Structures are given as C-alpha cells and as structure tokens.
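Hi,

Here is the structure I promised to pass on. Have a look at it first, and then read on for what turned up.

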Amino acid sequence: MPVEMGLWRVDGEKLTRVVPTAVSLESQLESYIESDASMLGEALLIIGRQVPTAHGGFIDLLALDGTAAVYVIELKRDKTPRETTAQVIDYGSWVATLGRADIQAIFEDYQPGVALEEAFAEMFNETLPLEVNASQVLTIVASSVDPATERIVLFLHEEYALPINVVFFRHFVDGGNSYFARSWLVEATSQAAPASASSRRSKTREPWNGTDWYVSFGEYEGGRQWSDGRKYGFVSAGGGEWFSRTLKNLKPGARVFTCIPKDGYVGVGTVLGEAERFDELKVEYKGVETLLASLALDGNYRHNGDEDDNVAEWAAPVHWTHTVPSGQGFWRTGMFANQNSATRLRQQFTIEQVSTAFGLDEE
C-alpha cells in the first residue's frame, strides 16, 4: 500500500484537515506532467505525447532521464487493473525494440526543428550519451488503484525486478487554493533495468563511420598553443600516459574534429601519420620536412620527466581542411565533448553542425 499523504491547515492553535477531492485528475495530469515532468520525482525530458506504437496503441508520454533511459508514462484513466498493467508492459516491450534513430524521430515529430541533442543538453547540462534507450522505466500514473493492480505491480517489481511503479496524485482544495500530493506504490528509484542483451547496442548506440575522431586540443598558458597546431599541422597531448594514450589511436586517413575545451571546435583535418614524441616528429613546412620542435613555436611542449615516453608530449601530423583561431571556436548546445584526448566521434549532430559551420559540405 502507498503511504497516504495527509494535509492539515493551521488555524491559530487549531488544525483542520483538508480532505482530498473526489474529482478525477487523470484528464488533467497528462498536461501537467508534460509541462513539468519533475512532478514524477526527477528531472525528465518529455520526448513525445500520444506516441503511436506499431501495434495500434498510443503511449501517453515518453521521456528520457539523465542517463538517456526511456520512461513510458501511462495514465490509468478508466482502465481495469488488467488493462492498466498489461498496457504499460506492452508499450514498454515495444519501446525496448526502438533504436537511437527511432527515439530521435519520435522527438522530431514532437518538437519539430529542435535537435534532441540540444534539448537534452539544455535539460541536463550534459551531452546526450552515446547509448539512448539502453533501458526502460514503466510508470503508471493514477489518483488511485485497486488492490489487484497493486499486487500485480509489486509482484513484477519484487520478483522479476521489472522497473515498474505506480505514482499516485491526490488533489486537495482549500479555499481558493489547489494542491497536489504525490506518493509511490514502491519506494521510488531512479535506476532503470539494464539492457537485456549487448546485441541491442547496435541500435541504441549511434554507429561510428570508421573515419571521424574527436580530438581535444588542451591549450593552456605557458604550454600547448593552438596557433602552433594550426600553423604547422598537428594535434598533440601529453604530460601523462592517460593524455597521450588515446592520441596514439589515430591512424593515417582519419578525419579529426578538433575542439578546444570551453572554446569550441577550431579545426577539421586529415591525419597524415601516426603519433610520435613531439621532439621526434617531422612535419612538412613550406615544402620541407622539418623537425617540429625546431620550428618557431608559440607554446611550450616540455614536461617535467618527459625523458619517459609516458610523460612526454606526443603529436600526430594533420593536413587541415578548415581551421579558425583560438577564441573563435564553434559551439552549439548539445554537441559532443569528451575528456579523452582522442575518441571516436559517433555523434552525427556534431559532425553535421561543424561541417555546416566550416562549409565542409561545399568543399
């Protein structure tokens, strides 16, 4: 049984209980939740309303949480206990078959002209994870349910760890003021069930085209400078194995989208060779193959103890297709960023936005 919410009005030294109204809220709750999904106990991004399924049904509300798990939110309305639970489970089973592209298409129908990546970043202040809809949470919204529904939901939750719950809303009216009170059948948890099979990752995760990489160019005062990378054609990282290790994954022919943290994307180019120690790498400058460290550099690429390869600065030669100066980086909310020096760039939203901003599609 859910914990019943009691409400009392304080009148001096007297308490007067406010009794919940008998008027059904379920016709209004869908709109209330759509306008502020935090009513359900955590931050959620609504991605669809009355979403048609492949089997003729319509899901009241679909939402994403901060991990990109999908919430199936269904109002009980006047359905029977069996219909209520069967329907939300049926909807959940259909949602579990959807890939990342399907989720994006649902959101595009719901919010035309708005990118899911951008909306997610604005809601959670985080980049949309690589995997979307890897897990699902089923939520029944009701003003009350019968004992049969409670038994079914508790059985599925406790015996089979199905992430299903009932959230209750009670409506209180006191004078000219209206209030909502919320309680849960099962103690609320933000954890969704894990994906049932690793094979689903090919659908829930954006595919990698095998070519594009994100590179973080960590420019800092007294050290690495983008003006050098832009002028002489390289990307670099170092000062510890964690920083240089991923840079060594770059191979000739890879296309790099280079980003300066807190500035934005500043260059796109093609890797010409594998990463080497900065003080050993040769680049072509003015038609001559030249030791990079011998050129007139704005930055400093030495590190204490860099006689050790794991500490040294490493660099990979790049032929730039398009660059902009430091301080003029391109950035749009929802674009991809990562703490690694180099990582596969899967997010098509970022590739498209940078390509358009830099005119790459026209070249």
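In this predicted model, helix 3 (residues 100-110) packs against helix 4 (residues 116-124) at an angle of about 80°, and their axes are 10 Å apart. Angles from 65 to 115 degrees count as roughly perpendicular, so helix 3 and helix 4 fall under that heading. On the helix 3 side, the residues that meet helix 4 are Arg-100, Ile-103, Gln-104 and Phe-107, and their counterparts in helix 4 are Leu-116, Glu-117 and Ala-119. That contact is made up of 4 nonpolar, 1 polar and 2 charged residues.

Helix 4 turns up again with helix 9 (residues 348-357): it is among the elements that cover the buried residues of helix 9, and so are strand 9 (212-216), strand 11 (255-260) and strand 12 (264-271). Those buried residues are Phe-349, Thr-350, Ile-351, Gln-353, Val-354 and Ser-355. Just after helix 9, you'll find Gly-359 with a positive phi of about 65°.

Staying with strand 11, have a look at Thr-258, which sits in it. Is Thr-258 buried or exposed? Its relative accessible area is 0%, so Thr-258 is buried. Leaving aside residues up to four places away in sequence, Thr-258 touches Val-215, Phe-217, Trp-226, Val-235, Gly-264, Tyr-265, Val-266, Gly-267 and Trp-320.

Now the charges. How many salt bridges does a search of the whole structure find? The search finds 11, and here are some of them.

- Arg-9 and Asp-11 pair up at 3.1 Å, N to O. Arg-9 is partly exposed at 30% relative accessible area, and Asp-11 is partly exposed too, at 33%.
- Lys-251 and Glu-274 form a salt bridge at 3.5 Å, N to O. This pair links distant parts of the chain, 23 residues apart: Lys-251 lies in the loop between helix 8 (241-245) and strand 11, and Glu-274 in the loop between strand 12 and strand 13 (276-277). Lys-251 is partly exposed at 43%, as is Glu-274 at 44%.
- Arg-302 and Asp-306 meet at 2.7 Å, N to O. Arg-302 is exposed, with 56% relative accessibility, whereas Asp-306 is buried at 5%.

There is also a network: Glu-30, Glu-34 and Arg-49 are joined by salt bridges that share partners.

Cheers

Note on methods
Residues are numbered from 1 along each chain as its sequence is written. This is a predicted model: local features need pLDDT of at least 70, side-chain atom pairs count only at pLDDT 80 or more; totals for chains, interfaces and linings use all residues. Side-chain values use heavy atoms; hydrogens and water are left out. Axes are lines fitted to C-alpha atoms, for helices over the stretch in contact, and angles run from 0 to 180 degrees between N-to-C directions. Helices (H or I, at least four residues) and strands (E, at least two) are DSSP runs, numbered from the N terminus. Angles under 35 degrees count as roughly parallel, over 145 as roughly antiparallel, 65 to 115 as roughly perpendicular and the rest as oblique. Contact means heavy atoms within 4.5 Å. Ala, Val, Leu, Ile, Met, Phe, Trp, Tyr, Cys and Pro count as nonpolar, Asp, Glu, Lys and Arg as charged, and the others, Gly among them, as polar. Buried means under 20% relative accessible area, exposed over 50%, partly exposed in between (1.4 Å probe, protein chains only). A salt bridge is a side-chain nitrogen of Lys or Arg within 4 Å of a carboxyl oxygen of Asp or Glu.
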